[in-house]
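Q: Could you walk me through this model before I set anything up? I'd like the overall layout and then some local detail.

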Amino acid sequence: MQPTDPAFLVLLALMATGAWLDVSQRRLPNWLCLAVMIAGGVATTMLGGSSGLISAAIHFAIALVVGMGLFRLGMIGGGDAKLAAATALWFGFEHLVLYLAYASVAGGILTLLLLQWRQWPLPALMSSQPWLLRLHEKDGG
């Protein structure tokens with residue numbers, strides 16, 4: 001899949017929506033994970049036929065089991081685990097591991113930046129936004 005493919009643009013739009021919802025509401029809704037999963041199944045079937053879909057379903061199952069294990073250990077949120085599994089439908093196994101590694105590093109960097117930002121006073125201009133107040137809470141998740 002190339003960045004100019006319509007299927008990739010669908011994935012990009014869904015993931016951007018997920019990023020916004022995660023930052024603004026601190027949750028990833030089930031409908032978003034389901035939309036990523038359905039679109040991934042359709043894209044995989046169009047690109048690889050039924051054998052591609054079976055392979056993608058195996059990747060989904062592996063990512064879901066690993067994600068739920070990490071959720072159980074308190075290392076990631078439940079929405080993160082579901083979205084990672086749904087996103088796994090879009091990638092072959094060789095790309096899935098790389099995607100998860102990049103996502104983990106990016107998430108770690110974002111977490112460190114957020115923890116640092118919470119140490120600073122919130123600018124007055126930002127204090128009128130409820131989602132920014134929730135994000136800035138020192139005891140927040």
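A: From the N terminus on, the elements run α-α-α-α-α, which comes to 5 helices and 0 strands, where helices (H or I, at least four residues) and strands (E, at least two) are DSSP runs numbered from the N terminus. This is a predicted model, in which local features need pLDDT of at least 70 and side-chain atom pairs count only at pLDDT 80 or more, while totals for chains, interfaces and linings use all residues. Residues are numbered from 1 along each chain as its sequence is written, and side-chain values use heavy atoms, with hydrogens and water left out.

Q: What does the C-alpha trace span along its principal axes?
A: The C-alpha trace spans about 55 × 35 × 25 Å along those axes.

Q: And how much of the protein is made up of buried residues?
A: Buried residues account for 28% of the 141 residues, with buried meaning under 20% relative accessible area, exposed over 50% and partly exposed in between (1.4 Å probe, protein chains only).

Q: Is H3 mostly covered or mostly open?
A: H3 is mostly covered, as 9 of its 11 residues are buried; among them are Gly78, Gly79, Leu83 and Thr87.

Q: Switching to pockets, how much space lies in the largest one?
A: The largest pocket holds about 1,600 Å³. Of the 39 residues that line this pocket, Asp22, Asp80, Ala103, Gly107 and Leu110 are the closest to its centre. The elements that give two or more residues to the lining are helix H1 (6-25), H2, helix H3 (78-88) and helix H4 (93-117).

Q: How is a pocket defined, and what is the volume?
A: On a 1 Å grid over the protein atoms alone, a pocket is an open set of points where a 1.4 Å probe fits, with protein on both sides within 12 Å along at least five of seven lines, and lining residues have an atom within 4 Å of a point. Grid points are joined across faces, edges and corners, and the volume is the space filled by probe spheres set on the points.

Q: What about Gly18, buried or exposed?
A: Gly18, also in helix H1, counts as buried because its relative accessibility is 3%.

Q: Which residues form the nonpolar surface patch?
A: Leu34, Ile38, Val42, Met46 and Leu47 form that patch, with about 540 Å² of accessible area together. Ile38 is in helix H2 (residues 30-72) and is exposed at 51%, and Met46, likewise in H2, is exposed at 65%.

Q: What are the cut-offs for a patch?
A: Patch residues have over 30% relative accessible area and no salt bridge, with like charges joined within 9 Å and nonpolar side chains (Val, Leu, Ile, Met, Phe, Trp, Tyr) within 5 Å. A salt bridge is a side-chain nitrogen of Lys or Arg within 4 Å of a carboxyl oxygen of Asp or Glu, and accessible areas come from the Shrake-Rupley method with a 1.4 Å probe, where for residues only the protein chains shown count as cover.
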